[in-house]
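Subject: Structure handover

Hello,

Here is the structure to look over. My notes follow below it.

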Amino acid sequence: MKVYRLCLIGYGKWGNIIAKNFSRYKNFNLTVFTKSGKKNTKKLVNYNQLLNFDLLYAATNKNINTKLSKYALLNNINIISEKPVFHNLKNINEFRIKKFKCFFKVNYIYKIFNNYLKIKKKIRGGKIKKIFILFGSNSKKNSFSYCKWEWLPHIFSLLDYYSNINIKSIKVKKKFNNYFINIRLKNNVVLNCLYGNNFKKKIRYQKVYYGNKKFLKLVNNNLLNSKRQNIIKITPIETVINLLVSLLKKNKMDIKDLNDTISYNKYIRKINL
């Protein structure tokens, strides 16, 4: 079994969760870097310290995620970044002429989970008509700008999973002390989503209407349909780790998430109350 050298940058609340999940996998040798070098981490002084790792994981803030991702891509280092990333990058010409020898993934965890569950195959070619998403937490960090960059990247990645993004209109408003977005596509697919951090508890809910009055639901990692309930034993974060292991084993170059992320962010930047 090959052991991969994994570098995690950032050890806040989410970084700590990421570290605990990776520590259960014997094929990762984890090193954690932080700005301070405290809490059994190494101090990140220079990005050149990252050159000898097989995989970088950026779990910091939007600005550092972008800087780390840019550095990794230009130095052909495999990287997965938390969103938001590249949310304000104005010039990407240096990426357009670059011949990559690495992969770049963004942790669109619910899109990756859906793909693992083969949701589109379960729909079996039925034409998707409407998508309803309910995403939120009770963290109370509920300003529009914060929720916009926490949730909309996930929402756009799921919309992209279900249908090509060719947007006809976007409307957003405050609703139930959270935020509601309506997106209409030119192929007549409609997405409605209530999202925010002012819910009573954490909620992850997707409902997809397709074909002739058929629907499929994902409720807090359980897949349900009109006939039966199927309990999913693997967690979304485990599907992300499995994907990374697969890419590393195959030595696969994959930067599709770069173009997708820039595309999503062009829409997200324009969305305001």
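The side chain of Ser 23 reaches the backbone oxygen of Lys 20, at 2.6 Å. This is a predicted model. Ser 23 sits in the loop between helix H1 (13-22) and strand E2 (28-34). Its relative accessible area is 55%, so Ser 23 is exposed, the cut-off being over 50%. Lys 39 is 16 residues away from Ser 23 along the chain, and their C-alpha atoms are separated by 16 Å.

Asn 27 lies in that H1 to E2 loop too. Is Asn 27 buried or exposed? Its relative accessibility is 11%, so Asn 27 counts as buried, which requires a value under 20%. Leaving out residues up to four places away in sequence, Asn 27 touches Met 1, Lys 2, Val 3, Tyr 4 and Val 245.

Next, strand E2. Thr 31 is placed there. Thr 31 is buried as well, because its relative accessibility is 17% and the limit is under 20%. Which residues does Thr 31 contact, neighbours within four places in sequence aside? They are Leu 6, Cys 7, Leu 8, Lys 42 and Phe 53.

Now the sheet that holds E2. It is open and has 6 strands, with parallel pairing. The order is E3-E2-E1-E4-E5-E6. Strand E3 (42-43) and strand E6 (104-106) are at the edges. Each has a single partner strand, so one side of each is left without a neighbour in the sheet. Inside the order, strand E4 (residues 55-58) pairs with strand E5 (residues 79-81) in the parallel sense, over 3 bridges. Tyr 57 stands opposite Ile 80 of E5. In general, the strands of a sheet pair through backbone hydrogen bonds.

A helix crosses this sheet. Helix H7 (residues 236-250) lies across strand E1 (4-9), E2, E4, E5 and E6. H7 runs at about 110 degrees to E2.

H7 also meets a helix. The axes of H7 and helix H4 (residues 109-117) come within 8 Å and cross at roughly 80 degrees. H4 is therefore roughly perpendicular to H7. From H4, the contact involves Ile 109, Ile 112, Phe 113 and Tyr 116. From H7, it involves Pro 236, Ile 237, Thr 239, Val 240 and Leu 243. By class, this contact has 8 nonpolar residues, 1 polar and no charged ones.

H4 has a contact with helix H6 (residues 144-162) too. Here the axes come within 8 Å and cross at roughly 30 degrees. H4 and H6 are therefore roughly parallel to each other. On the H4 side are Ile 109, Tyr 110, Lys 111, Asn 114 and Asn 115. On the H6 side are His 154, Ser 157, Leu 158, Asp 160, Tyr 161 and Tyr 162. The residues of this contact divide into 5 nonpolar, 4 polar and 2 charged. Ile 109 is listed in the H4 contact with H7, and Ile 109 is listed in the contact with H6.

Last, a hairpin. How do strand E8 (residues 167-175) and strand E9 (residues 178-185) pair, parallel or antiparallel? They pair in the antiparallel sense, over 8 bridges. Lys 171 has Asn 182 in E9 as its bridge partner. The hairpin has 2 residues between E8 and E9. Phe 176 is in the turn, with a positive phi of about 55 degrees.

Best wishes

Terms used
Residues numbered from 1 in each chain as written. Predicted model: local features only at pLDDT ≥ 70, side-chain atom pairs only at ≥ 80, totals over all residues. Heavy atoms only, no water. Helix = DSSP H or I, 4+ residues; strand = E, 2+ residues; numbered from the N terminus. Buried < 20%, exposed > 50% of the residue type's maximum accessible area, 1.4 Å probe, protein only. Polar contact = N/O pair within 3.5 Å; in protein donor to acceptor, adjacent residues only side chain to side chain. Pairing = 2+ DSSP bridges. Contact = heavy atoms within 4.5 Å. Axes fitted to C-alpha atoms, helices over the stretch in contact; angles between N-to-C directions. Parallel < 35°, antiparallel > 145°, perpendicular 65-115°, else oblique. Nonpolar A, V, L, I, M, F, W, Y, C, P; charged D, E, K, R; others polar.
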